[in-house]
Amino acid sequence: MLTPEQMLAAHKANLETLFGLTNKAFEGVEKLVELNMQVAKTAMGEAAETTTAALSVKDAQELIALQTSMLQPVAEKAAAYSRHVYDIAAATSAEVTKVAEAQMADAQRKFMSVVDSAAKNAPAGSENAVALVKSAVAAANNAFESVHKAAKQAADVAEANLTALTNTAVKAASTTATKAKRATAA
């Protein structure tokens, strides 16, 4: 049975963990806000430059050339933005996962301590029940580790797919821009 001091210590530890996770979440949001503010500021400056350039165009061919010259940088910036957002989300998720894993390991240690303590004080003949509980805990731990590994592999595949998609989009924009330049030059 837990003593009031142990319960108080557990509640205090849980609150510290909660506040730590909340701070990590806010840090991630702050990074996203900072990124979005930077993107908005840059976009405003580029919009002004593009508008000025568009107003100085003398014919349709210059307008097409201007549009073509902007196509690839826009695709690259969109890809870079997506990558930054993904990196921020992944870093925040990694921090939360690290805390969750530490909490899980601590809970498992405490539970096994309770099981061991109960086994020492158990009446004779209950060895099979204690072994069954320990076996169930080991099986649960193995299942958790398998799920964690599968989730990690899925995250790695998602990251690889995002990278491939980004590279494909940038290459497609580059190819389109090159074709458009050739067509306006002809």
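A salt bridge here is a side-chain nitrogen of Lys or Arg within 4 Å of a carboxyl oxygen of Asp or Glu. You are looking at a predicted model, where local features need pLDDT of at least 70 and side-chain atom pairs count only at pLDDT 80 or more, while totals for chains, interfaces and linings use all residues. Residues are numbered from 1 along each chain as its sequence is written, and side-chain values use heavy atoms, without hydrogens and water.

Start by selecting Lys24 and Glu27. Their side chains form a salt bridge, 3.8 Å from N to O. Both sit in helix H1 (residues 4-55), three residues apart, about one turn of the helix. Helices are DSSP runs of H or I, at least four residues, numbered from the N terminus.

Glu95 is partly exposed at 27% relative accessibility (buried is under 20% relative accessible area, exposed over 50%, partly exposed in between; 1.4 Å probe, protein chains only).

Next, select Arg83 and Asp87. The closest N and O atoms of this salt bridge are 3.6 Å apart. The two residues are four apart in helix H2, about one helical turn. An α-helix has 3.6 residues a turn, so residues three or four places apart point the same way.

Finally, colour the buried residues of H2: Leu66, Thr68, Ala75, Ala79, Ile88 and Val115.
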